[in-house]
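Please read it alongside the sequence and the coordinates.

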Amino acid sequence: MKKNSSYLKSPDLLPITHGDRKISTLGFAIIWVGMAVVLAAFAIGGEGVQSLPLGMVILATIIGSIAIGLCMTLTGDIGVEHGLSFPVYMRAPFGTIGTHIPSLIRGFVASCWFGINTYFGATAMNGILFVLTGFDNWFVCFLFFATIQVINTALGIKAVERFADLAAPIIIIISAWMYTTLSDQALAAGRDVWSWIESPVTGGAAVTAFAIVIMSNMGFWGTLAADMPSISRFIKAPKLERNWFKRNKGQIVGSLITLPIVQTFMVVIGAVSFIAVSNYDPVIALQEAASGIVLGVLLLMIVFAQWSTNISANLVPAATIFSNVGGPKLPFWTGVVVAGLIGVLVQPWSLFGIIIPALLIVGGILSAIVGILVADYYFIRKRRVNVVDLYKEDGQYHYWKGLNLAGLIAWVLGGGAAYFIQTYSFAVGFVVGAAVYYVLAKYWWFEKYQQAELNDPSDEKYLGITVGRDWIIEDDDDEKEQTAKTAQNA
């Protein structure tokens, strides 16, 4: 029992106290610039302008980015209010064992993104070597680049990760230069980037194409919409603040303002790249727009940008999940290796070619999890959580053999509905997942497995910083010592 309890209470999973939250509103906005400068977003723009004018692609991107930003802010309140990470809170709607299933999906998706970003970096690395030495083998570069990133992350070397602070703004400058250069190139070929469409569609087909761009943008960030508590718990927030908007101001600026701006910018560059050179691969677009030393420097920046993004956004989260699921026998470095192997084995060079369908499918699966989180946290528990029991192997969240069947059934039905209605995948998955979970949990599962915060809906007992509380979880030895003292005093 002690082993299981200690496992649930591993240091990286404990709640973050108010005093340990160091990320300011401006700091979170800057972090978002670094996270949102993802070159794979070029594909959304490149695919979009094949059916719609650039203005409509931009509008759909803004709508999708704001919608997913709202989802992130909703789930992020779990971290802000209680200091909890994603895998810990997931014990409430999925169970202490069931939490591992959706967590593994999140880890798998992060590993796939590692592979896609590594592919971009490898083709850029190959371009540099070709200019300098005539060497031309992107696959060798891919294996080499993947290996050094895995070693770097496993050893915990921070130098490259810190490069993200510099890489993100430089990539934006490069992208702005690309927009100007490629726009002129397109105009010289008789293509106005604001009016040209490869295969225009009208009527219902146009509505479908517009919806696909919205859902692709939402699917792009679906992973983070579920996982946001793991980041938001480090964001500064005022104690004793009941107003949701004031409490989540730091999140709102980052997820509802910074993300839509940067995401739209990246999508526009991908669209202009496709119009100008009939390819939205950023490396190929750069090679069309520059040459010589300028090209070499630009490609080098892409290599380091993918490297820094992969460490913080993909390898570390995936490795942490795999390590937590595996327990003490699977150390962090082994989780890094597993994530790296998955990123290679999924053949990301093929994934990029089908990234829009993949985003719709993955986004739908993840959206059901987001819907379940929102239903559980806001509509059933009303933000009140018996946090102490989240860290007990035999507490109220153990349910049936560690599983909350209401959550698992809702996830399967929500994800399945999204798969069969891919045009509106994220919206469908979210709504179905939330609705099914609400009904099953409230009227079936929680009738069988009583929840303290539902039986006694006390703000003072079950809210966090809203009532000025920091959740402190005692370890096993502390609990035993406290029990002994109590017995002695009696």
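Ile212 has its place in helix α11, which spans residues 203–220, where helices are DSSP runs of H or I with at least four residues, numbered from the N terminus. With a relative accessible area of 26%, Ile212 is partly exposed, given that buried means under 20% relative accessible area, exposed over 50% and partly exposed in between, for a 1.4 Å probe and protein chains only. The C-alpha atoms of Ile212 and Pro169 are separated by 29 Å, and the two residues are 43 residues apart along the chain.

This is a predicted model, in which local features need pLDDT of at least 70 and side-chain atom pairs count only at pLDDT 80 or more, while totals for chains, interfaces and linings use all residues. Residues are numbered from 1 along each chain as its sequence is written, and side-chain values use heavy atoms, with hydrogens and water left out.

Helix α7 (residues 100–133) packs with helix α17 (residues 292–326) at an angle of about 160°, their axes being 8 Å apart; axes are lines fitted to C-alpha atoms, for helices over the stretch in contact, and angles run from 0 to 180 degrees between N-to-C directions. The two helices α7 and α17 are therefore roughly antiparallel to each other, a term for angles over 145 degrees. By class, the contact of α7 with α17 has 22 nonpolar, 14 polar and one charged residues, with Ala, Val, Leu, Ile, Met, Phe, Trp, Tyr, Cys and Pro counted as nonpolar, Asp, Glu, Lys and Arg as charged, and the others, Gly among them, as polar.

Rings of Phe, Tyr and Trp (its six-membered ring) pair if their centres lie within 6.5 Å, with planes under 30 degrees apart counting as stacked, over 60 as edge-to-face and the rest as tilted. The count by this rule comes to 25 aromatic pairs, including the two tabulated here.

| Pair | Arrangement | Centre to centre | Between planes |
|---|---|---|---|
| Tyr399 and Phe446 | stacked | 6.2 Å | 25° |
| Tyr399 and Tyr449 | edge-to-face | 6.0 Å | 90° |

Tyr399 lies in the loop between α21 and α22 and Tyr449 in the loop between α23 and α24 (452–455), so their pair ties together parts that are 50 residues apart in sequence. Tyr399 and Phe446 are both buried, and Tyr399 has a relative accessibility of 7%.

Elsewhere, ring pairs link Tyr119, Phe120, Trp138, Phe139, Phe142 and Trp349 into a cluster. The charged end of Arg91 sits over the ring of Tyr391, 5.5 Å from its centre, the criterion being that NZ of Lys or CZ of Arg is within 6 Å of the ring centre and within 35 degrees of the ring normal.

Notes:
Parallel < 35°, antiparallel > 145°, perpendicular 65-115°, else oblique.
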